[in-house]
Structure formats: structure tokens, C-alpha cells
Amino acid sequence: MGTEKLVLIGNGMAGVRTIEEILERNSTKYEVTIIGEEPYTNYNRIMLSNVLQKKMTVDEIITNPMQWYIDNGIRLVHHDPAVRLDTENKQVTTASGTCIAYDKCIIATGSRAFILPIEGAQLQGVVGFRTIDDTLQMIEQAKNCKRAVVIGGGLLGLEAAKGLIDQGMEVTVIHLEKWLMETQLNEQAGQLLKKDLEQQGIKFLMEKKTARILGTTKVEAIAFSDGSILEADLVVMSVGIRPVTGIAIEAGLHVERGIVVDDFMATSAEGVYAVGECAQHNHMVYGLVAPLYEQGKVLADVLTDGETEGYRGSTVSTSLKVSGCDLFSAGIIHEQDDIKSIEAYNGLANSYKKLFIQNNKVVGIVLYGDTSEENRYYKMLRDGVDITTLNAVTLLASAGGEASMSVAEWDDADTVCGCNGVTKGTIVQAITTQNLTSVAEVSRCTKAGNSCGKCKSDIGELLAHVIGDKVTTAPTGICACTHLSRDEIVLQIHQKGLTTTKEVFQELNFRNAEGCSKCRPAINFYLHVTFPKEHIDEKESRFVNERMHGNIQNDGRFSVIPRMRGGKTTPQQLLKIAQVADKYQVPLVKITGSQRIGLYGVKKEDLPDIWEELDMTSASAYAKAVRSVKTCVGANFCRFGTQDSMGLGIKLEERFEYIDTPHKFKMGVSACPRSCVESGVKDFGVIGLENGFQIYIGGNGGTEVKEAQLLTTVVTEQEVIDLCGAMLQYYRKTGIYAERTAPWIERLGFDHVKSVLLDPVQCKSLLEELDEAVAGKRNDPWTAVRVNENKEKELYTVGRG
């Protein structure tokens, strides 16, 4: 590294992006030190909504892991915020007392969520939504609380509300204004957005002013200025952000709303610059990522002695990261004396568009429902296109085909990735000069597609346009920790004899040495199938339901569902279930869809006692394993029945219960073609005939219903059981973790699966493998907990687990 010392205060998106730009221009000019407040390396803050909405993990939003700092020779002062900037002696002091000298200093301290200064704002359960810790706190609260209130119906507030809905909470959004996102949307678009969000379960209280938050130590309710009260367990403040400028103010820098900078991002102090949400340029403070990256590029040019015209401000646009609510907003969206508008509403399609015109130019855009013309209008706005020749119909309608104009036809200066400010010309140049052949390579080289990801289809289209059929699909890893696919991992587990997840992560060079929540359970399963004797099941790698042997409910309590093979029970079992439900005040007793009796709302600490008093085994209703066999009463009782469906169902359940599979595996046995147990949508379905059994495979219920396919017809019960065993083992061997049988069969091909299962030699071999894999390991997990006092204390004592 160079001899000049560059210190960055702030380890967030704007600052680190500036450092990346500097390294690309001149990697040897500076000795770089980055001072970070949070206990994480650089991460993508705009993806926090996806973490809350269960679309991504924290690991997946880490932009630069620790290795990036090491590889680039950057000193990271971690989790130790800067507290003093001494511009006279050119040094920065951190909270721990560390003094770091600089020649150039960049302040990129960002902003914090604004917490309303009202009574009760300090109570436990009041959070902002700005950091990983905020997000994790909300997720943790959602495990034990039910009622959430989000104060603020802006962009971030609505994303938080949707995330809390996905976490299982009841959510009410409190908004002071008449409609949502009032700074980005007009009233009609705001009302359409509200209607769509209500259909997703979010409640709204509009034009409501929060007066105070009630509670002794933690949140209990919110009181409004009109005297009404709303009960709440969690309050998320999302009423805006405030630039973090304290260190600049104490250092004597010129600070107004933000740290005042000129066109070259220089502050009032020599050698000190500012970028991002803490900076104020031309009276503007930006809270969106694209302007911050534009500032970073200018500053990188300045600090590497490159040519630059300076920063001229940004035209900002907004979209919402909530599924089912497509919207786009940019520019000035309020009519003024010299700004008029035209609009169109399609009630059938629930879409709305409004353009704001000034001096025959588009200066504002609001689109809701159909955002396909986003690029067309944004180009008009950005380039100041004269629309004198366009009448209102031509402007609003897409009949001319411009709305669907291919990205290949765009100008080189057009922006493809708005988040990162990457143009078409930059991408095309990178593809041609660096021989890029995949979207992943383009993203790595240009940053395009690395944030919200909306532009990845455009990048793929550009790739196809530039290099034609040479486009390759990058290896698809099972998660962000590795580029290796499931098959590649299993192959190397075999070849290298790996028997623990730790060995896999280390030997196969996973980016995260401890894996992530997505790959840990998958690797644990693959190891179990590959080396059933050598591999010791790693409970900590399983999902919480499997660790606790019960489905966790939306209020943090659990379900208890004892096994009733074939759906058959006895008066004695019913009596015990009733006694236990009464003794432990179980709030809900329900017949499940799989012919079992479920006890819902059980406290964690009561689980082992209930299991013991029931004296019944677990139905594995929480597990990626063989679940249950649903049966009708069959020939013994039904006048239409042709086979003993209950008897066969019990035999199947006894034979295969507690066997792990890539996803849940359900069976059904009907005694006649009326198929009262709906065998046609089971993973393994059996329909009794006069002289045998039809066997169907690959039927799935759930979010995507798939009809099972007829595998064959057999004569004896033993043939049914053998075919089921062979299918289970083949599914275990070739299935991707969390892949249900319908997509598994679709991926391998039904004819292929059928040929394997109906081949006597292969069928026998699969059964032998299955027997060997499960020998000595099949047992009831509830019993295993009850006989192990340490395990019971570890998992089921309140405050642990």
C-alpha cells in the first residue's frame, strides 16, 4: 500500500463503495483504515427488508466479508466507533481510545432511524429499522409477541410491516397523512397501495397521531392524540432518518442538516470529505443508495487525481420491495402553477400512471400496478426529452411499442442498474473487454445487479445481445456460501470421505467457515445419506422445529402431535390426550389434515412432561421426514372398500417412520377408486382395486398443488411396501434438500424414476441401502429427550433453545 494514510469513518455502503472505487483506480496510493461501529463487516442495508421477509439470511447480505479487507490490505477497526476528529493534528480517536492518523479522511457515518421524542419511546420493544441488529431484534420479538405497530407509512415502514406479517405477527401501520408514501405517491396511487397491502394482512390507521407509548418496562399499548388506544407488543419507529453528524459538529465542520460538502465532496476542513446520507450537497441530503454511489465515484476520482466534473446532484427514483405491490416514483410528483399532470387508471388491471409535465418535459412519474414503462418514462425525465409532438394518449399508452423496447436498443448512457448507477455502456464494455459470459460475472465486475437485483434480467438480455449463444449459466451454489451445486458437494463428500459439516465447509472452501442457515441443514442431511454409519447427526444444524421436536407457532409456543399410525386410535389414547390438554390448559385441540390430534399452544417448558404423560410417540409433524399415512376405514367397514387400507397404512407407517427425507413425505392409502384419502396428491399414494393396488407418486399439496402420476399396479401389499421403500431411498439419494417429490420427479424425469423403481435389481439394491442406512437409528425423538436429563434441561428450560 501507499504512503498516504486514508481513514474512512463508517463501514457502510457509501463509504466502502468509495473505497472500492479508489482501489479500482489506484490500489497502491493509500494505506486504508476503516472504522466501523457495528459488529459486522460491510453489508447491503437495503436488503434488510428481505431478511425480515424471510427471503434472505444475514449472511447473504454481507457484501464484503473479512477476507475482502485482508485481501486488499485494509485495516478494519471493528465495532469501535470513531468519537473524535482532530482536524488540526489530523487524527481520529475511537471509543476504545485508539488514535489513527490520516492524510485524507472520509466521513461516511450515514444516518439513524428517527425515534419520536414521546413518552414511552425508551420502553423495551420500541425499535428503529436501520441495522442488522434492529432486524434481528424484530425477528426475535416476533417469536414471543403477537401485536406489532409500525409508526410511519413510508417506504421503509411498509417493508417492515410486510416483514413482520411474514414473521407471523398482527401488524397495524399508523400513518399521520391521508395516504401512504405521500412524498413518492399521489393520493390515488397511495390508496391503491393501501388496498393491496390490506389484502396481504396489514391493517392501517390513517391520519392518526401517536401521543405516547404505554407500558412500565416494555411496550403494552399506544395512545393517540384523539384519546384512543391500541394494544401492542412491538413498536417499530419508521418516521424518517437523521444524518449522523455529531463527530463533524464537534470537529467544527460546517454542518446544517448534514455535513455540507461542495461538488467534490470536500467539507469545510482541509483533507476531510463526506459522502452518503450524512452529507449535504446543494441543500439536499439523500437517503437512497444510487446518489450515494454517484458521490462515491466523484470522490474516488478526486482522491486518485482523476478527472471529474464533480457531483451535480441526483434525480432519485423509488420502488417498493414488497411482493404484489409494483410501484415506481421519480421526480416532482405534485402539481404546481407551472407543473401540470396527465393520468390514466385501468380499473380492470388495477394499474395507474400519472406524469407531471413542465415546459413540455416530463418532470415527475408515478406508476402503480404496471411498471413496465418505468425505463421509458425515466429516460424522458432524465434526458429532458421534449414531448411537444406527443399527445396525451400517445404519451400514456404503450401502443407504440416503446414500453417494451429491449435494453439492447438503449443508449449507452442509459442506466441499467439504478441502485449502483451502472450504465448499459459500462456493462457492454465489461462484457467485451473482460470476456464475461454470465450475469454473475457481470455483477462481480460492474456491481450491476448486486443490490435489489431487479435489473438482472436486463443484464442477461445484454449478455445475449453481445455474445449470443456463448452466454453461460454460472454454477448455482446451494447458497451464498459456495458456488458448488448439490451434486458437486455430495460427490466431494464421497471422494474426500467428509463426515462433518465443519469438514465440508473447510475442505470445500465455503466462504463462510461456519456455513449459513440455508446450507447447514442441507449439508447435515447429505452427510447422513452418504455416510449413515459414520456421520453423527448434528442437531445444531437442523431447523428449530426439528431441534425442538415440535412446530413452533406464531406466538412462540409449540404444537404436540402424537403418532396415530394409519389414523387409528383408541379410547385410552383419547382419554390421555384429553387429560393432558386439560391439565396443561392447552388452548387448542384440533384434528389435523393427516388424521392426527394436535395440541396447539404448548409452552416450551411443558413439552417433555406432556410427551411423558401422553406415553405416545412423535408423529414427526414438524420434520423433513416420513410424516404419516392417511387411510380410509377400508374393506373392514366400508361397503365400497376393496382392500384393508388401514392395515396397509399401518404397515407402511411402521416400516418407514422416522426416516429422514429431503422434504416432508406423506402417504395415503384408499381402499377403493373413490380415493377418500385423496391419494392422488400424496408423495406416495395407493388406491385399492379388486385384485391389487394402483400406486401413484409425486403428488404434492401445499402452495403448489401437483397431481400424482400412476407408477404401476401391483397385486400384493408387500409389493406396495417394497416400491415405497425403493422410492424413499432413491428420493433420499438424489433429492435436493427442501425439494418436494413433484419437482424432484420433474427434474429427473418421470420415465427415468419409473424405470429405476420398476427395475427389480435396482429396487432390491435401493431397499438394501435403505435398510443399512436406518438400521439401529430409527427411534422416537420424544423418548430420546425424556430419557436424557441433560438434553431436556438444555433444550426445554425457559430462556434457552
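Predicted model: local features only at pLDDT ≥ 70, side-chain atom pairs only at ≥ 80, totals over all residues.

Trainee: Why does Cys-676 count as exposed?

Mentor: Its relative accessibility is 59%. Exposed means over 50%, so Cys-676 gets that label.

Trainee: And Cys-632, what makes it buried?

Mentor: Here the relative accessible area is 16%. The cut-off for buried is under 20%, so Cys-632 qualifies. Cys-632 is in the loop between E31 and helix H20 (645-656). Beyond its neighbours within four places in sequence, its contacts are Ser-645, Met-646, Val-669, Ser-670, Ala-671, Cys-676 and Val-677.

Trainee: Which residues does UniProt list under "binding site"?

Mentor: The UniProt record, an unreviewed entry, puts that feature at Cys-632, Cys-638, Cys-672 and Cys-676.

Trainee: How do you know that they gather at one spot?

Mentor: They span 45 residues in sequence, but no two of their C-alpha atoms are more than 11.1 Å apart, so one spot it is.

Trainee: Where is Lys-624, and what does it touch?

Mentor: Lys-624 is in the loop between helix H19 (607-614) and strand E31 (626-631). Not counting residues up to four places away in sequence, it touches Phe-543, Glu-546, Asp-660, Thr-661, Pro-662, His-663, Lys-664, Tyr-737 and Ala-738.

Trainee: Now the sheet. What is the strand order, and which way do the strands pair?

Mentor: It's an open sheet of three strands, ordered E13-E14-E15, with antiparallel pairing.

Trainee: What makes E13 and E15 edge strands?

Mentor: Strand E13 (210-214) and strand E15 (229-231) each pair on one side only. From one strand to the next, the twist averages 20 degrees.

Trainee: How do you know that E14 and E15 really pair?

Mentor: Pairing takes at least two bridges, and strand E14 (residues 221-224) and E15 have three, in the antiparallel sense, so they pass. For Ala-223, the bridge partner in E15 is Ile-229.

How values were computed
Residues numbered from 1 in each chain as written. Heavy atoms only, no water. Helix = DSSP H or I, 4+ residues; strand = E, 2+ residues; numbered from the N terminus. Contact = heavy atoms within 4.5 Å. Axes fitted to C-alpha atoms, helices over the stretch in contact; angles between N-to-C directions. UniProt positions renumbered as here; feature names shortened; annotations may be inferred. Buried < 20%, exposed > 50% of the residue type's maximum accessible area, 1.4 Å probe, protein only.
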